[in-house]
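Q: Could you walk me through some features of a two-part model, one at a time? I would like to learn how to read each of them.

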Amino acid sequence: MQFGLIFELSVPRPFSPGVEQSVFHNSIEQVRLAEKLGFSHAWCVEHHFLEEYSHSSCPEMFLAACAMVTTTMRLGFGIATCIPEMTHPARLAERGAFLDVLSNGRAEFGTGRSSTWTELGGFGAAPETTKRTWDEYVRAIPQMWMQDRFSYKGQGFSMPERAVLPKPVQKPHPPMWLAVTAPGTELDAAERGLGCLTLSYGNVSKNAKRFETYRKLIRTCEPVGAFANEQIAAANWLYCHEDSRTAAKKGEAMVQSFSSMAAQTLEISQAFPSSNYGALGLLGRLRADPDKAGDKALPDGLCIGNPAEIVNTVKEWESAGLDLLLFMVNAREVVPQSEVLASLELFSREVMPHFSARPSIVAPYRERAVHVA
Amino acid sequence: MSHEPYQILTHLRGGATSASDAGWPDYQSANRSTVTLRNVEIHYVLMEMPMQDALAILPPALHPSVPAHFTMMFHRVPESPVGAFQFAVVGVGCRAGIRPRMLTTAAFATSQASADFLSDHGQFPVRVADVMIRNSYYGIDSSVSTDGRKIVDVTTFALEPVLGGGAAVKFCAPLNPVTYVGNRSLLQVDIGFEYHETARGRLEVRSLDPAVIGPAASMPEFGICGVRSVVDMEFHSDRSIYDANVQSEEGGLTILPDLEAA
């Protein structure tokens with residue numbers, strides 16, 4: 001089991017001068033400390049127009065800053081949105097490779113297609129075509145990295161022969177992932193040999209079945225890149241405190257703060273009925289209906305509690321087959337920075353040793369990856 | 001930074017306080033039983049609107065969706081306790097806490113009997129008007145006319161069937177303005193839907209009087225989509241009322257006694 005951080009860069013109103021700077025630089029400070037404490041990954045999502053919820057519109061810039069204050073951490077660019085109206089696939093390949101060069105080969109590349117009208121509508125994107133264009137992107141981008149020059153004629157995009165530059169440091173290319181939320185998306189990841197990055201925040205038993213399905217299917221996959229990245233990561237929340245009740249109170253405030261912001265966005269499934277957005281999309285768990293009794297409580301599997309409680313929770317995830325836990329450690333700055341850092345330190349001191357003396361930090365992905373002849 | 005630690009609620013919230021008393025009738029607990037309208041054809045229209053307009057319309061208890069939007073729902077009811085009728089409801093998309101809801105700003109029905117029916121089942125602020133929903137080879141047309149003037153005229157064309165879970169359109173529960181124990185309040189109308197078919201298409205708005213959205217609303221420019229569904233609608237008895245000035249997390253939600261059991 002490895003541990004990392006994942007950032008949405010959520011910013012509280014009022015948007016007074018300095019508030020975004022504070023959030024961004026607090027997050028970088030968390031990354032700097034986390035590497036020293038043994039955390040192996042820092043991921044940063046891509047979102048647009050999501051007021052308060054996420055101001056992370058240029059994640060690779062954030063990660064470039066992280067690269068400058070770390071030496072070993074893997075840096076997850078994503079979820080990069082694979083939508084033509086937002087970004088040409090060559091631009092995504094360039095940005096992923098650029099980060100890989102800057103970080104001396106530490107980039108991870110996560111893919112997805114967005115699930116809100118707030119984002120897709122803002123760019124004039126067609127929600128009904130996002131799955132198709134995502135599929136084209138994830139097949140084209142590794143070729144752009146590996147081929148000297150690349151050309152393509154497809155449905156979502158076409159381009160004449162060009163050298164997509166720079167080329168990544170990691171050979172044949174950085175590991176690729178898919179954001180997995182709606183049921184069945186883990187199959188899409190497995191079919192293409194992509195890492196499974198689940199964003200369902202909790203629910204161990206429910207996810208365990210999906211992990212098992214993913215593990216079985218990826219063994220017979222046809223990777224879209226040069227290798228299958230058979231790894232499962234899950235986003236989660238972390239607030240670790242010696243006192244269980246204090247942890248619960250502050251952790252719950254953090255989760256509720258973020259959930260309330262997630263709920264204000266306009267989901268595709270609400271605004272634009274579509275066959276390819278049938279289930280709750282991004283962070284569906286955070287958009288739970290409070291009128292349904294079963295949805296009221298926080299889900300199981302969140303890493304909120306005292307060290308002993310969190311050890312037990314992590315063991316459950318480990319038993320479910322998870323490789324990597326990615327923690328959200330704050331939301332809209334509801335927890336003061338000093339307490340966030342203390343939570344990370346306590347987790348490192350009291351929880352991590354139960355799983356590894358010190359993780360190897362840079363996972364030897366290509367050694368672990370299933371190479372397909 | 002000036003924010004409060006551990007804050008949960010956003011600062012972005014509606015501020016409308018100047019609605020006339022006429023728009024907030026006393027709550028009448030007439031809705032004591034469940035009524036089902038079968039095979040109702042719905043034409044559902046979503047459009048974006050300026051955030052400032054939404055904030056001006058929504059009361060403090062409600063948060064606008066991001067982006068701000070409004071909906072128009074046209075209904076053709078083939079059979080009901082008051083016979084066949086057509087009605088339309090216009091509202092601003094919003095959130096009560098994290099619950100997706102729609103603040104009703106206008107409602108129209110084709111007869112006094114149907115207006116009374118809708119008043120008895122959710123206290124919709126209904127005016128009698130000429131509401132029309134018609135299918136054609138290219139899509140579905142809906143309109144509302146009052147005093148011989150067409151105030152809404154919209155078409156959804158190039159309809160494509162929606163399959164699977166997406167066919168279960170997430171219609172937001174309407175919140176209708178009432179006065180409850182002396183406070184400006186919002187009565188939630190709980191409607192269950194059973195979906196028979198759904199298709200989505202592109203919008204063409206031929207005319208729209210922004211006054212149906214709000215007295216100072218500007219003309220919306222960006223459509224989202226139009227949907228045609230055929231559903232069974234189950235109107236439940238009144239269940240909950242929100243204080244219009246207090247967010248639900250701060251105690252603004254009142255759960256009503258079970259009126260069906262009373």
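This is a predicted model: local features need pLDDT of at least 70, side-chain atom pairs count only at pLDDT 80 or more; totals for chains, interfaces and linings use all residues.

Q: What is the mean pLDDT of chain A?

A: The mean is 91, and 90% of the residues of chain A reach 70 or more. Two stretches call for care. In residues 280-288 of chain A the pLDDT is below 50, although the model gives this stretch 39 contacts beyond near neighbours in sequence. Residues 357-373 of chain A also stay under 50, with 35 contacts beyond four places in sequence.

Q: How do I read a salt bridge, and which residue does A:R13 meet in one?

A: The general idea is friendly enough: side chains of opposite charge can pair when their charged atoms come close. Here A:R13 meets A:E51, with 2.2 Å from N to O. This pair links distant parts of the chain, 38 residues apart: A:R13 is in the loop between β1 and α1 of chain A, and A:E51 is in the loop between β2 (41-44) and α2 (59-69). A:R13 counts as buried because its relative accessibility is 13%, whereas A:E51 is partly exposed at 30%.

Q: Where in chain A are A:R91 and A:E94, and why are they separated by about one helical turn?

A: Both are in helix α3 of chain A, and they are separated by about one helical turn because they are three residues apart.

Q: Which residue forms a salt bridge with A:K250?

A: The partner is A:E339, and the closest N and O atoms are 2.7 Å apart. This pair joins distant parts of the chain, with A:K250 in helix α8 (residues 244-264) and A:E339 in helix α11 (residues 337-351), 89 residues apart. A:K250 has 17% relative accessibility, so it counts as buried.

Q: Which residues are linked in a network of salt bridges?

A: The network links A:K131, A:D135, A:R139, A:D188 and A:R192. Over all chains, the count comes to 28 salt bridges.

Q: How many residues of chain B are in contact with chain A?

A: Before the numbers, a general idea: the size of an interface is often given as the accessible area lost when the parts come together. In this model, 41 residues of chain B are in contact with 42 residues of chain A. The two chains bury about 3400 Å² between them, with 55% of it on carbon and sulfur atoms. The count of salt bridges between chain B and chain A is one, and A:E267 and B:K170 meet in a salt bridge at 3.7 Å, N to O.

Q: Now the backbone: which peptide bond has omega near -5°?

A: That is the bond from A:R13 to A:P14, which is cis. A:P14 is in the loop between β1 (2-7) and α1 (19-37) of chain A. The bond from A:K171 to A:P172 is cis too, with omega near 5°, and A:P172 is found in the loop between β6 (158-162) and β7 (176-180) of chain A.

Methods:
Residues are numbered from 1 along each chain as its sequence is written. Chains are lettered from A and ligands numbered from 1 in the order in which they are written. Side-chain values use heavy atoms; hydrogens and water are left out. pLDDT is the predictor's confidence in each residue, from 0 to 100. Contact means heavy atoms within 4.5 Å. Helices (H or I, at least four residues) and strands (E, at least two) are DSSP runs, numbered from the N terminus. Buried area is the accessible area (1.4 Å probe) that two parts lose on being put together, summed over both. A salt bridge is a side-chain nitrogen of Lys or Arg within 4 Å of a carboxyl oxygen of Asp or Glu. Buried means under 20% relative accessible area, exposed over 50%, partly exposed in between (1.4 Å probe, protein chains only).
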